[in-house]
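Colleague: I'm new to this one. Could you walk me through how to read it?

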Amino acid sequence: MGNRWENLVVDARDPARLARWWAEALNYQITYEKPDEVEIRRLPDELPGLVFVPVPEAKQVKNRLHIDLRPDDQEAEVERLVDMGARHVDVGQPASGGWIVLADPEGNEFCVLSPKQ
């Protein structure tokens with residue numbers, strides 16, 4: 001019996017809005033959309049995808065799982081994401097860790113890593 005990673009599911013107050021934000025952030029496209037589920041992928045037939053589903057409550061605590069992004073230019077990417085609506089957050093990360101923690105418009109933390117050497 002084999003397994004394949006299909007999706008990472010994200011709870012959202014507004015799944016369509018958050019899916020569109022992440023699609024722009026990642027240069028992904030919407031591959032499926034219904035009121036109770038929106039999926040984005042880099043390419044329609046490429047896995048894994050991100051699936052956004054509705055929940056009634058707002059995010060309460062720090063994520064137990066998060067996305068790491070590794071752009072070619074960390075500073076420029078952080079600026080772009082903040083201009084799109086991300087915000088800087090402090091989750092206790094070290095000042096010189098090589099990553100910057102941001103939160104998406106619904107408060108989900110993610111990291112923007114420095115380029116690999």
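Modeller: Let's begin with strands: two of them pair if DSSP finds at least two bridges between them. Helices (H or I, at least four residues) and strands (E, at least two) are DSSP runs, numbered from the N terminus. One caution: this is a predicted model, where local features need pLDDT of at least 70, side-chain atom pairs count only at pLDDT 80 or more, and totals for chains, interfaces and linings use all residues. Residues are numbered from 1 along each chain as its sequence is written, and side-chain values use heavy atoms, leaving out hydrogens and water.

Colleague: In which sense do β7 and β8 pair?

Modeller: Antiparallel, over five bridges, with β7 spanning residues 99–103 and β8 residues 109–113. Valine 101 sits opposite cysteine 111 of β8.

Colleague: What is the order of the strands in the open sheet?

Modeller: The order is β5-β8-β7-β6, four strands with mixed pairing. At the edges you'll find β5 (67–69) and β6 (87–88), each pairing on one side only.

Colleague: And the helices: at what angle do α1 and α2 pack?

Modeller: Axes are lines fitted to C-alpha atoms, for helices over the stretch in contact, and angles run from 0 to 180 degrees between N-to-C directions. Here α1 (residues 15–26) and α2 (residues 74–84) pack at about 160 degrees, axes 11 Å apart. That makes α1 roughly antiparallel to α2 (the term covers angles over 145 degrees).

Colleague: Which residues of α1 and α2 meet?

Modeller: Contact means heavy atoms within 4.5 Å. Trp21, Glu24 and Ala25 in α1 meet Glu77, Arg80, Leu81 and Met84 in α2.

Terms used. Parallel < 35°, antiparallel > 145°, perpendicular 65-115°, else oblique.
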